[in-house]
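Please look over the sequence and the model before reading on.

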Amino acid sequence: MHRPQQADKKTRNPHDRIEEMAAIKARLLIAGITLTKVDEEYKLPRGTAGTTLREPNMAGERAIAAALGTRPHLLWRTRYHASGLRKSPQPPANYERPPTMRQRQNDAAA
């Protein structure tokens with residue numbers, strides 16, 4: 001299973017990050033794994049896995065990927081180069097909160 005290649009990652013919009021988060025959460029749900037279980041199993045501070053979905057955290061990324069039996073660069077296209085190396089420093093957009101459901105609904109209605 002391959003992910004589609006993005007030619008210019010700078011053109012990504014916030015909805016791409018939401019889709020990325022939703023895809024990871026769906027994979028966890030299908031596997032029967034909770035974010036709390038990831039924190040406990042990999043001895044992370046409580047809430048680390050959940051926060052990792054929204055903003056970069058190397059330990060959380062590795063723990064979630066390990067729990068799913070994959071590698072972090074296959075889950076977070078925005079945080080890693082295509083080669084699998086982690087971006088350093090992370091782009092500022094990775095630290096911005098994605099729009100809430102209400103904000104997305106208001107944007108769609110406008």
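What follows is a walk through this structure in words.

This is a predicted model, in which local features need pLDDT of at least 70, side-chain atom pairs count only at pLDDT 80 or more, and totals for chains, interfaces and linings use all residues. Residues are numbered from 1 along each chain as its sequence is written, and side-chain values use heavy atoms, with hydrogens and water left out.

The protein has six helices and zero strands, so its elements run α-α-α-α-α-α from the N terminus; helices (H or I, at least four residues) and strands (E, at least two) are DSSP runs, numbered from the N terminus. Of its 110 residues, 33% count as buried, where buried means under 20% relative accessible area, exposed over 50%, and partly exposed in between (1.4 Å probe, protein chains only). The accessible surface comes to about 7,500 Å², and 54% of it belongs to carbon and sulfur atoms; these areas come from the Shrake-Rupley method with a 1.4 Å probe, and for residues only the protein chains shown count as cover. Contact means heavy atoms within 4.5 Å. Among contacts between residues at least 6 apart in sequence, 56% join residues at least 24 apart.

Helix 4 covers residues 58-68, and its buried residues are Gly-60, Glu-61, Ala-63, Ile-64, Ala-65 and Leu-68. Beyond four places in sequence, the contacts of Ile-64 include Ile-24, Leu-28, Ala-49, Leu-53 and Trp-76. Gly-69, with a positive phi near 70 degrees, follows the helix.

Where does Thr-48 lie? Thr-48 is found in helix 3, residues 48-54. Its relative accessible area is 13%, and Thr-48 is therefore buried. The Thr-48 side chain reaches the backbone oxygen of Pro-45 at 2.7 Å, a polar contact being a pair of N or O atoms within 3.5 Å; within protein, one must be able to donate a hydrogen and the other to accept it, and residues adjacent in sequence count only if both atoms are side-chain atoms. Not counting residues up to four places away in sequence, Thr-48 touches Asp-39, Asn-57 and Gly-60.
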